[in-house]
Every structure is written in structure tokens, then in C-alpha cells.
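Visitor: I am new to this structure. Please show it to me, and then let me ask about the words used for it.

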Amino acid sequence: ASESAPLVVIGFSGVRFSHIDRARTPHLADFLENSAAANLVVRTHADTTCPAAGWLTLASGARASLPDSATFCMPAVVQSPSAPYQIPHWGEIAAANRENPYHPELGKLAAQLRQHSISAGGIGPGAGLALADHAGIIYGEYAGVPRDEDGFKKAYQQVKEKSFVIIDAGAAWEDATPAASILPPRLQAALRAPHPDSPQFLAQVAEIDARLGELLPLIPSTHNVLLLSVADGDSQTARMQFFALRRSGALAAADAGNSAGASAGASAGASAGASAGARENPASQISSGPALAESLSTRQPGVVQLTDILPTITQLLGAVATENAAAGENAAAAQNNADNPARAGTSSATDFPLQLKSDQRSGEVRAAYLADKELRAALVRSGVAPFYFTFGIGAIVALLAVLLYRRAQRKSS
């Protein structure tokens with residue numbers, strides 16, 4: 001078995017592959033060169049996913065809910081003199097999820113980390129949500145919400161020795177107030193076609209990339225790094241989001257001119273062995289280097305789900321008992337449980353890692369491919385409801401025509 005390297009997860013919201021270019025997002029573009037990438041389906045219990053729901057879904061491994069999306073959309077953390085950092089209104093959030101048919105287990109990530117004695121650190125409000133335990137108390141060391149210009153750098157220095165660090169790098173978000181309509185919100189979301197992003201929204205994407213530019217150089221090459229957009233960019237349009245995973249040693253292998261596929265096992269094992277506090281990791285099948293990610297829940301190269309991220313984190317950290325190494329045989333059934341309300345709540349966070357397939361195309365080419373894939377999916381989604389509506393009307397008209405024709409035939413006879 002190989003050993004696990006420290007893991008840094010940097011999350012944000014609203015960033016898609018269509019936003020990636022060297023001028024606006026140079027650091028995301030650079031990161032893609034030696035990482036596994038995919039469009040991320042961020043579906044939660046609601047029709048669209050706002051940041052708080054996305055972070056809760058990441059941490060629970062199932063589609064989470066919020067009591068009221070308008071009020072609770074943005075994650076928040078509070079601290080009192082008599083208590084550690086905790087999530088405000090946790091009781092209301094927990095109550096909403098008890099009524100959720102997917103039965104998300106709030107605090108599941110924190111429970112996994114605590115069970116396997118994995119040290120953790122968090123930065124930003126979304127990270128606080130992700131590290132919250134079943135009582136809404138943040139597990140590990142929480143570095144707060146960066147406020148000043150060098151806030152993220154200072155916060156990372158505070159938690160950099162932890163085996164697992166999770167960071168909220170901000171949200172690209174537009175308040176999209178729906179137009180008055182007699183249609184229910186679910187149908188409005190289904191009918192809404194992709195729309196151009198505003199300059200203000202793109203500026204927020206650039207700000208997120210700038211924060212990544214501050215953080216990524218601080219992370220050693222011996223660490224696994226996962227970047228992902230956990231939520232949509234507004235409350236009205238559901239779009240697939242950005243996901244990329246760089247395995248430990250991938251940069252060193254690239255600098256040495258080695259093939260990422262050929263050096264995957266050696267680079268992952270060597271870098272993990274050099275890291276402090278390493279532990280056995282049954283996820284040795286996850287290779288380093290440029291690749292497309294997929295999972296059994298999607299069965300499509302370049303498409304994964306937000307509910308796949310928790311088991312991937314636990315695999316990368318080695319937070320899986322060795323006797324569960326054979327659990328992959330039941331992986332598809334386990335993920336179906338996570339995505340099916342009738343069977344939700346029965347899957348294990350140890351069952352279902354992502355699968356990475358080597359892809360030696362440049363990061364720019366892979367980003368363009370994934371952006372095109374995401375746009376086609378959005379166009380199809382917005383066209384499905386009109387198609388069936390038109391088909392239904394056409395079928396009714398055809399039926400009426402047949403009935404009228406038969407009635408005329410009977411009268412003439």
C-alpha cells in the first residue's frame with residue numbers, strides 16, 4: 001500500500017471552465033497543466049446551488065438543504081468568548097436536513113477526520129461549514145476569515161502543518177431576482193438558457209484566481225491539491241462547475257520531463273512517504289499528472305458530482321480502514337444510494353473514489369473541451385422542457401385532429 005500525502009482543498013463558487021483563460025485566470029490555467037480535471041455537477045436538494053448548500057453537500061456526501069436559500073445562502077462562522085468557532089443557526093440548518101429526502105449526515109467529514117486522528121485546519125466561512133461537526137462546532141484549527149490584503153497568506157501559515165487544510169477562496173455570485181412569472185421556480189430554472197456573464201461577475205472570478213495566486217505557491221509539491229467550485233454563480237441558473245486535482249509529485253514529475261502516466265505510482269508513493277504524519281492509503285489507483293476525472297455516478301469522462309468529493313477526500317487522506325479496500329465492488333450501489341432519496345443515507349464515505357484517466361492534452365485544450373461539454377449540457381437542459389411542451393401540444397393537436405376526422409367520417413356514412 002502507498003501512504004497518504006497532506007491534502008489542501010481550495011473551494012470557491014461560480015467558476016466554470018468557460019472562465020479559464022491566461023489573461024483573466026492565469027493561476028487556474030497553470031494549475032490545469034498537471035492536474036486531473038472535470039466538470040462538477042453541484043446539484044443539491046434545491047434547483048440551483050448556493051455556496052452554503054454546496055459546502056454542506058461536500059462535507060456530508062449527500063445533497064444538502066438550507067432552511068431558506070435567500071437568508072442562509074452565504075456561509076458564516078461566529079465565535080463567542082465561551083465557545084470555539086461554530087456555525088450560526090446550526091439548529092435550523094440541521095432541522096431542514098432532517099426533512100431532506102437525501103438524508104445528508106451533517107458533520108460527516110469532521111467525524112471521518114476525528115475518527116482517524118487527522119489534523120485539520122480551515123480558512124474562510126465555507127471551510128467552517130465543511131469542518132463543522134454534528135453539533136455545528138468546527139473541528140480542528142480554524143484560522144478565521146481573512147480580512148486584509150495578506151489575510152490568506154497569514155491564515156495559511158497558521159494551519160500549514162495540518163494533514164488536511166480546507167480553504168474558502170470566495171464566491172463569484174450575482175443576485176438574480178427572478179422575473180414575475182406564473183411558472184413555478186423549478187420550471188423557471190429548467191427553461192432558463194445560458195446567459196453571458198456580466199463584467200462584474202467576471203471581475204469576481206478574477207479575484208478568486210488572484211487569491212489562488214497567493215495560496216498555491218505556498219503549498220509544497222508533496223501535497224495533494226484539490227480546487228473546485230462548489231456552487232452555482234446565481235440563484236436562477238444551474239451550471240456545471242470547475243474541478244481539478246493535482247496529486248503530490250505531479251509538478252516534480254513534469255519538471256523532470258517524465259510522463260505523468262508512467263511516473264504516477266512512483267511520484268505519489270515517494271512524495272507521500274516524505275510527508276509528515278503519513279499513513280496507509282488504499283487509494284493508490286489514483287494516479288498523478290494530466291487526466292480527465294470521472295465517477296461511476298456519471299460514467300462520463302470529464303464529469304463528476306459534488307457528492308463524489310467527500311469519499312475522494314477520505315481516500316486521499318487514507319481515512320479508510322484497510323479491510324474496506326474491497327468496497328469498490330459495491331461502489332455503484334453506494335453512490336446510487338447517495339443520489340436516490342428512497343435509499344439515501346446508507347452509503348459510506350469510504351466506498352467511492354473518483355477514477356482518473358490520463359489525458360496528455362494541454363491544460364488549455366482540456367479546459368476548452370470541458371467548457372464546450374458544459375455549454376452543450378446547459379443548452380440541452382434549457383431545451384428539454386420546451387421540447388416536451390411542444391411535443392405534448394403537438395400530440396394533443398394530432399389526437400384532436402384524428403377524433404374530428406373520425407367524427408366526420410361517421411357523419412358522412
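**Terms and values**

Guide: Cys73 is buried, as its relative accessible area is 8%. The model is predicted, so to speak of local features a pLDDT of at least 70 is needed, side-chain atom pairs count only at pLDDT 80 or more, and totals for chains, interfaces and linings use all residues. Residues are numbered from 1 along each chain as its sequence is written, and side-chain values use heavy atoms, with hydrogens and water left out.

Visitor: Why is Cys73 called buried?

Guide: Buried means under 20% relative accessible area, exposed over 50%, and partly exposed in between, with a 1.4 Å probe and protein chains only. Cys73 has 8%, so Cys73 counts as buried. Cys50, at 5% relative accessibility, is buried by this rule too.

Visitor: How do you know whether Cys73 and Cys50 are bonded or too far apart for a bond?

Guide: A disulfide is a pair of cysteine sulfur atoms within 2.5 Å. The sulfur of Cys73 is 3.0 Å from the closest cysteine sulfur, in Cys50, and therefore too far for a bond. By this rule the count of disulfides is zero.

Visitor: What makes helix H12 largely enclosed by the rest of the structure?

Guide: Helices are DSSP runs of H or I with at least four residues, and strands are runs of E with at least two, numbered from the N terminus. H12 covers residues 309–316, and eight of its eight residues are buried, so the helix is largely enclosed. Among the buried residues are Ile309, Thr312 and Ile313. After H12 comes Gly318, whose phi is positive, near 75°.

Visitor: What makes a nonpolar core, and which residues have the most contacts inside the largest one?

Guide: A nonpolar core is a set of buried Ala, Val, Leu, Ile, Met, Phe, Trp, Tyr and Cys residues joined through side-chain atoms within 4.5 Å. The largest has 56 residues, and those with the most contacts inside it are Leu58, Phe164, Leu228, Phe243 and Ile313. Helix H2 (residues 51–60) gives the most to this core, with six residues. Another core, of 36 residues, lies apart from it and includes Ile10 and Ala371.

Visitor: How do you know that Ala172 is buried, and what does Ala172 touch?

Guide: Ala172 has 0% relative accessibility, so it counts as buried. Ala172 lies in the loop between strand E8 (164–171) and helix H8 (185–191). Contact means heavy atoms within 4.5 Å; leaving out residues up to four places away in sequence, Ala172 touches residues including Ser13, Phe201, Val205 and Asp232.
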